[in-house]
Amino acid sequence: MELIKTAGWLLFYLFNGILAFYFLLPVILFVLHFFTKKNASKPVIEKKKIEYDIDFAAIVTAHQDARFIPPLVDSFLKQSYKNFTLYIIADDCNIDNVMYQDSRVVILKPEPALHSKIKSINYAIDNFIKPHQAMVIFDSDNLVHPDYFYRLANYFKKGFKVVQTHMLSKNIESTFARLDSVGHIYYTFTERKVKMELGLHSAILGLGIALNTELYTAIRYQNTIGGFDKKLQSQLAIKVKQIAFAEDAIVFDEKIEDGAALEKQRTRWIYAYFSHFADGWNLFWAGIKSLSMGRILLGATMLRPPMFLLILLAVIFMIITLFIKPIIFLLWTAVLILFSLNFVLIIATQSLQKGMMASLVFIPLMVIRQLKSLLKLKNAKSDFLKTEHKKIIYIDELIKNEPT
């Protein structure tokens, strides 16, 4: 009986320790940021020295909505770097009136409809008009900064084979759009920017990820619905020395506008977390075996529950410890206060767009919606759960106030 009691306390302390680690790691990363070279993620680029020798394939997956193709193509045709081909996969889209004379724009309409981002990407690769050294994956609602490819090319010239580019918000008018942006700002800093500065693996996204074409084609997917970036991340982190983050290569993405859209999006994300849990564990274990801190931390990130679940678990443990171990309750109080202050500091120092700090008071709305999304997980098993987008805007309008 004493042995069982001892084992129970050990497990209790272990779970507390793991939870506390996830809250304290961002604090440690914020501190380390000030001891690293500040421009590590922003290599100095001189346009006159950039050669157009890296051939990019830009793959855009459009699904049941062709409205965003004109502004997207417009942003690509205004690129200062010319060596790329844009492949638009119009999956179940009406493209009768979508035509371009530029040979760099290739529009493909698969028949029958694919209803899968992974299948759309593979369809583009199968229809490449020529071999491409690198490929970049986009969503149809994205816009790219005019210097996107010329800045991205510099990272490949430096030897990186996988580069996550910097996503900024295309729309920040609504409360939920700003809240969505706040979460992205936080994770961009903790999971990409600081890790790039430290020479560790940066986390990738489902868009704006650039990689060597041969690396991608070597990856096989068993499940083609949801979470493709999870599988991609776990395998790429094992295959390359470092997944880089290009803070200066900017792609704009539309944020969700209302609570219903957020629920649908988070349902898809939560399902992807659970369905790709094994991929995170495989990466974490690969990091242990190879003594790679970059893989260990990235694997730990993939194993981390969504933040609202993490906070919920922390509160539960706090309540339990209040009655059985008051000293741990005090420690948890200190950890959560430190985490909260760190979160606010990150948003205050890393926001590049207006209104982010003011939106923090509405975070409880985000938490409530995410809790509701848990009840809809069963829909993610068979439903594409596409996020609806509304913001049609051209790149010139978006960057008109940008310093020249």
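Student: Contact here means heavy atoms within 4.5 Å. So, leaving aside neighbours within four places in sequence, which residues is Asn16 in contact with?

Tutor: First, a caution: this is a predicted model. With those neighbours set aside, Asn16 is in contact with Phe317, Thr321, Ile328 and Trp332.

Student: Where is Asn16 found? And is Asn16 buried or exposed?

Tutor: Asn16 is found in helix H1, residues 2-33. Its relative accessible area is 6%. Buried means under 20%, so Asn16 counts as buried.

Student: Zoom out for me. How many helices and strands does the protein chain have?

Tutor: The chain has 14 helices and eight strands. It has 404 residues, and 55% of them are buried. Take the contacts with a separation of 6 or more: 81% of them join residues 24 or more positions apart.

Student: What is the order of the strands in the sheet?

Tutor: The order is E3-E2-E1-E4-E7-E6-E8-E5. The sheet is open, and the pairing is mixed.

Student: Which strands stand at the edges?

Tutor: Strand E3 (105-108) and strand E5 (143-144) do. Each has a single partner strand, so one side of each is left without a neighbour in the sheet.

Student: In what sense do E1 and E2 pair, parallel or antiparallel?

Tutor: Parallel, over eight bridges. E1 covers residues 56-63 and E2 covers residues 84-91.

Student: New topic. How many salt bridges does the structure hold?

Tutor: It holds 14. One of them joins Lys170 and Glu254, with the closest N and O atoms 3.9 Å apart. That pair links distant parts of the chain, 84 residues apart. Lys170 sits in the loop between E6 and helix H5, and Glu254 in the loop between E8 and helix H8.

Student: Are Lys170 and Glu254 buried or exposed?

Tutor: Lys170 is buried at 5% relative accessible area. Glu254 is buried too, at 3%.

Student: What about Lys195, which residue does it form a salt bridge with?

Tutor: Lys195 pairs with Glu191, and the closest N and O atoms are 2.7 Å apart. Both lie in helix H5, four residues apart, about one turn of the helix.

Student: Why do residues four places apart point the same way in an α-helix?

Tutor: An α-helix has 3.6 residues a turn, so residues three or four places apart point the same way.

Student: Back to that pair. Is Lys195 buried or exposed? And Glu191?

Tutor: Lys195 counts as buried, at 1% relative accessibility. Glu191 counts as buried at 5%.

Student: Which residue does Asp279 meet in a salt bridge?

Tutor: Asp279 meets Lys231, at 3.7 Å from N to O. This pair also links distant parts of the chain: Asp279 is in helix H9, Lys231 in helix H7, 48 residues apart. Both residues are buried.

Student: Which residues are linked in a network of salt bridges?

Tutor: Asp74, Lys78 and Asp396 are. Asp74 is one of the buried residues of helix H2.

Student: How many residues of H2 are buried?

Tutor: Seven of its nine, so H2 (residues 69-77) is mostly covered by the under 20% cut-off. Others among the buried ones are Ile69, Pro71 and Phe76.

Student: Now the surface. What is the accessible surface of the chain?

Tutor: It comes to about 19100 Å², and 62% of that belongs to carbon and sulfur atoms. There is a nonpolar patch of about 970 Å². Its residues include Ile311, Leu312, Phe323, Val367 and Leu371.

Student: Which helix gives the largest share of the patch?

Tutor: H11 does, with ten residues. H11 (307-324) and H13 (363-374) each supply at least two.

Student: Take Leu312. Where does it lie, and how does its accessibility count?

Tutor: Leu312 lies in helix H11. At 40% relative accessibility, Leu312 counts as partly exposed.

Technical notes:
Residues are numbered from 1 along each chain as its sequence is written. This is a predicted model: local features need pLDDT of at least 70, side-chain atom pairs count only at pLDDT 80 or more; totals for chains, interfaces and linings use all residues. Side-chain values use heavy atoms; hydrogens and water are left out. Buried means under 20% relative accessible area, exposed over 50%, partly exposed in between (1.4 Å probe, protein chains only). Accessible areas come from the Shrake-Rupley method with a 1.4 Å probe; for residues, only the protein chains shown count as cover. Patches are made of residues with over 30% relative accessible area and no salt bridge: like charges are joined within 9 Å, nonpolar side chains (Val, Leu, Ile, Met, Phe, Trp, Tyr) within 5 Å. A salt bridge is a side-chain nitrogen of Lys or Arg within 4 Å of a carboxyl oxygen of Asp or Glu. Two strands pair if DSSP finds at least two bridges between them.
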